[in-house]
Amino acid sequence: MALSIGIVGLPNVGKSTLFNALTDAEALAANYPFATIEPNTGIVPIPDKRLAKLAELYKTEKIVPATVTFVDIAGLVAGASQGEGLGNQFLSHIRSTNAICQVVRAFSDDNVLRSGSSDPRHDIEIINTELILADLQTVDNRLPRLEKEIKADPKLRPLLDLVLSVKSGLEEGKLAGSLLDEEEREAIADLQLLSAKPFVFVFNLSDGQLGDEKLKADLGSIVAPAPSVFVSAKLESELRGLDETDRAELLESYGQNDSGLVQLIHAAYAALGLQSYLTAGEKEVRAWTIPAGATAPQAAGVIHSDFERGFIAAQVVDYEDLIATGSEAAARAAGKIRTEGKTYVMRPNDVVEFKFNV
């Protein structure tokens with residue numbers, strides 16, 4: 001499965017600057033509202049140091065990392081869902097994403113216009129309100145059709161009741177995600193409600209604030225239990241074009257271990273309940289994204305539906321064991337390679353070869 005993240009925020013919070021840094025793209029990052037008019041989309045390889053080591057072990061030059069797609073839309077303002085600014089039309093571009101990343105301004109800079117308040121909590125409420133109002137429009141548009149469908153098929157009554165319940169919650173200012181359990185979320189997935197998606201909050205700090213643990217704890221508490229990431233979009237911009245050694249040195253000078261991209265992907269994986277597994281051979285080494293808890297046949301199906309349908313078994317070795325033994329043959333001789341069946345639940349460090357027959 002491919003991971004996609006919609007990036008939202010008020011104008012001038014550093015949203016497009018962060019997008020440019022994450023994707024190494026050249027989206028317009030101007031200091032005035034609505035600098036981003038058309039949505040910017042970037043597909044980014046997910047950094048995974050394991051792949052290079054596997055490529056060395058299997059003597060292949062082809063490395064295929066998992067990817068994440070970022071979609072950056074125009075900055076939202078109060079009233080966006082009613083057509084203020086560039087309006088609700090741009091929210092449609094992120095309806096199909098897996099998660100929403102809210103970029104929140106926590107830095108102070110008199111040279112950068114501020115569209116929101118100086119209170120991150122208030123700015124988050126503005127964005128949440130616009131997402132809720134947009135979802136209300138979606139629900140209101142669907143209800144008449146659903147009511148007609150029930151006349152022909154009374155079995156749809158529970159679905160109508162669920163949609164009406166969600167509408168009531170939205171009207172009370174509640175995010176749809178707080179109103180639904182997993183089964184209910186699946187039942188109305190076709191509505192693509194924005195406020196039902198998992199959220200990751202990215203607080204854009206100044207370089208000097210990156211080491212302020214109390215500030216980060218205070219900001220994180222505003223959005224808990226949703227995951228929060230703390231970056232300096234300005235620093236992330238400076239990382240662009242640097243080689244790995246220079247990037248690591250610059251990050252370390254600010255007390256950071258990982259780039260904003262790595263932090264955001266880890267947070268998104270956690271919010272969405274995702275993990276990755278690896279395949280390796282002489283042709284290529286590759287990372288695949290799957291839901292945590294996926295069985296071996298389900299993981300095989302991510303490669304091709306035939307793999308899942310004709311699944312026989314999975315040959316599995318832990319990545320660390322494979323690297324420690326030095327080769328697949330040595331891992332087999334050491335008893336580290338095992339054969340798993342249809343009920344096996346995949347683990348994040350699995351290196352797998354699937355056996356199938358169709």
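Trainee: Is the crossing where H3 passes H4 left-handed or right-handed, and how do you know?

Mentor: Bear in mind that this is a predicted model. H3 passes H4 in a left-handed crossing. The label is used because the near helix is turned anticlockwise from the far one by less than a right angle.

Trainee: What makes H3 roughly antiparallel to H4?

Mentor: The axes of H3 (residues 120-152) and H4 (residues 157-171) cross at roughly 155 degrees and come within 10 Å. Angles over 145 degrees count as roughly antiparallel, so H3 and H4 get that label.

Trainee: Which residues in H3 and H4 meet?

Mentor: From H3, they include Leu136, Val139, Leu143 and Ile150, and from H4, Leu160, Val163, Leu164 and Lys167 are among them. As a rule, residues three or four places apart on an α-helix point the same way, because there are 3.6 residues a turn.

Trainee: Why is Lys59 called exposed?

Mentor: Its relative accessibility is 74%, and exposed means over 50%, so Lys59 qualifies. Lys59 sits in the loop between helix H2 (49-58) and strand S3 (63-64), and has a positive phi of about 55 degrees without being a glycine.

Trainee: And what makes Gln192 partly exposed?

Mentor: Gln192 has a relative accessible area of 34%. Buried is under 20% and exposed is over 50%, so the value for Gln192 falls in between. Gln192, not a glycine either, has a positive phi of about 50 degrees; its place is the loop between helix H5 (182-187) and strand S6 (199-204).

Trainee: What is the omega of the cis peptide bond that joins Ala224 and Pro225, and where is Pro225?

Mentor: Omega is about 10 degrees for that bond. Pro225 belongs to the loop between helix H6 (213-223) and strand S7 (228-231). Most peptide bonds are trans.

Trainee: Which residues touch the most other members of the largest nonpolar core?

Mentor: Phe70 and Phe203 do, in a core of 67 residues. Helix H9 (residues 260-272) gives the most to this core, with six residues. There is also a second, separate core of 17 residues, with Ile150 and Val163 among them.

Trainee: How do you know that Asp243 caps H8?

Mentor: A side-chain oxygen of Asp243 lies 3.2 Å from the backbone nitrogen of Thr245, at the N-terminal end of H8 (residues 244-253). The cut-off for a polar contact is 3.5 Å, so that pair is within it.

How values were computed. Residues are numbered from 1 along each chain as its sequence is written. This is a predicted model: local features need pLDDT of at least 70, side-chain atom pairs count only at pLDDT 80 or more; totals for chains, interfaces and linings use all residues. Side-chain values use heavy atoms; hydrogens and water are left out. A polar contact is a pair of N or O atoms within 3.5 Å; within protein, one must be able to donate a hydrogen and the other to accept it, and residues adjacent in sequence count only if both atoms are side-chain atoms. Helices (H or I, at least four residues) and strands (E, at least two) are DSSP runs, numbered from the N terminus. A nonpolar core is a set of buried Ala, Val, Leu, Ile, Met, Phe, Trp, Tyr and Cys residues joined through side-chain atoms within 4.5 Å. Buried means under 20% relative accessible area, exposed over 50%, partly exposed in between (1.4 Å probe, protein chains only). Axes are lines fitted to C-alpha atoms, for helices over the stretch in contact, and angles run from 0 to 180 degrees between N-to-C directions. Angles under 35 degrees count as roughly parallel, over 145 as roughly antiparallel, 65 to 115 as roughly perpendicular and the rest as oblique. Contact means heavy atoms within 4.5 Å.
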